[in-house]
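Reader: Could you walk me through a few local features of this one? I'd like to look at the helices and the charged pairs.

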Amino acid sequence: MMKKSEVKGGSKVIKNNDLDDEPFFSQLLTYLPMGGMVVNTDSVILLANETLSDILGYSTDELVGMDVDSLLPSQFQTNHKKLMQGFFKHPHKRKMGKGQALFARCKDGKHIPIEIGLNPIEQKGQIFVLATLIDLSMRDRARNMFQRSIEDAPHGVLVVDSDGVIRLTNSMLCQCFGYTSGELLDQPLEMLLPSRYRKNHDHLRRSFHQNPMPRMMGVGRDLTALHKDGREFPVEIGLSPFEDEDNNDMVLVSLLDITQRKRMEQKLRETNTNLEEFTYVASHDLRSPLRGIADLLEWIKEDLGPDALPDVTHNLNRIDIRIKRMEQLIDNLLTYARAGKVESNVQEIEINTLLDNIVELLEVPEGIKIIRDVQFERFMSVWTPLETVMRNLISNAIKHHDRDSGTIVVCCKVENSFCHFSVCDDGPGVPEAAYQRIFRLFQTVTSSERSGTGIGLSVSRRLVETHGGRISVEKNEHQRGVTFHVWWPRFLRKDTHE
């Protein structure tokens, strides 16, 4: 049957008396966008194109005349002859091995996943097969990468088809709902919804498929999902439509369990409500009686006149001092409460100008020197909170210095996304055991200290942390005193700036 071979049009051809249109089929194979070959009823390759050669690693000379069985993994070769005979008895156009994973064996022995199409050709009463072959290696790698990305996602993910049936899920989603993957696959998505949502969900799903686009689901609504144990939990859901390899409409659903965040938000709301109530009480209900007591005290002094007994006058003065301390305490509490609110008046801050303003308002003793080391000139932030923090630190360094002369060094430099401010003094320092305590409300270094109210550092910490920074103190290594550090954000952030 076979007489001689030649290369023509990019395909290796075996001359065959029964294959009349060899030039036509040779040209057809050359322009196919996939691997192609013509095979006779004896499973012998009569023609092959260069694409098939590239896929399998054989030259076209090697492919032509080769038995097709030799391109199959050994475990499939025995049964392949019978399958070929069955096809030639009832030849029709079809895909080979539908629903099965097919593999070809390359010249180097490597097995690759393939897709094969069979097209019968009739010539002079004989049947030949035009077989097309597609290398699925890239597609399989992409599919595996897609599946690994879903499985390794740090949040719940599932893939749903256009009928609302779950086709793929990951372990995080199973963990959220309390199901195993086997319990979810091929099940309707509605099983994860509270019953009151199920009636309308089919309509919403169809509406989404009519105009598919990535979006967050239920923006502005309190969405909940249904756990296996029957309890509902709050979620955030994102929808991303795509087509699978068979051009089916699918939706990638990302789901985040926000139970912990909701709890934190509720606690924060309760805290803010309590703080607002306290602020109202402190500013109205406490201050008014104090003012009334102070007025009564003044009236008593007026009634007693200048002839009041010394002991009585002394006790009245002590009451007056305690009233003023109570008023100062209320003012301090209000200052601390207000420090928890984020300042929204953002402007350019010129650091030297800010320090000039601070020093100008402070009473600096003659023996105290304030040295600056500013390595960073300006940035965008809120002026008043930062000025308040730096004034408190510099003022404390001056006020608590125990000598007639001393040096305070104020530094500013860039450190990653922060402006790193430091205030270093050579004063008496702070006991290491008190490093955390001094940032708490109404805490001073010693119980005998009367020069401070214990509010400045607590307000400073609250201001710094509210605006996305942090504050700390450490002992100086080569001299007396301590250094306070403030890391203040030098870039605006949505979570700390309106």
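Author: Glu183 is partly exposed, because its relative accessible area is 32% (buried is under 20%, exposed over 50%, partly exposed in between; 1.4 Å probe, protein chains only). A word on the source: this is a predicted model, where local features need pLDDT of at least 70, side-chain atom pairs count only at pLDDT 80 or more, and totals for chains, interfaces and linings use all residues. Residues are numbered from 1 along each chain as its sequence is written, and side-chain values use heavy atoms, leaving out hydrogens and water.

Reader: Which residue forms a salt bridge with Glu183?

Author: A salt bridge here is a side-chain nitrogen of Lys or Arg within 4 Å of a carboxyl oxygen of Asp or Glu. For Glu183, the closest N and O atoms are 3.0 Å apart, and the partner is Lys228.

Reader: How far apart in sequence are the parts that this pair ties together?

Author: Helices (H or I, at least four residues) and strands (E, at least two) are DSSP runs, numbered from the N terminus. Glu183 lies in helix H7 (residues 181-184) and Lys228 in the loop between strand E12 (224-226) and E13, so the parts tied together are apart by 45 residues.

Reader: Is His201 buried or exposed?

Author: H8 has Arg205 and Phe208 among its buried residues, and His201 is listed with them. So by the under 20% cut-off, His201 is buried.
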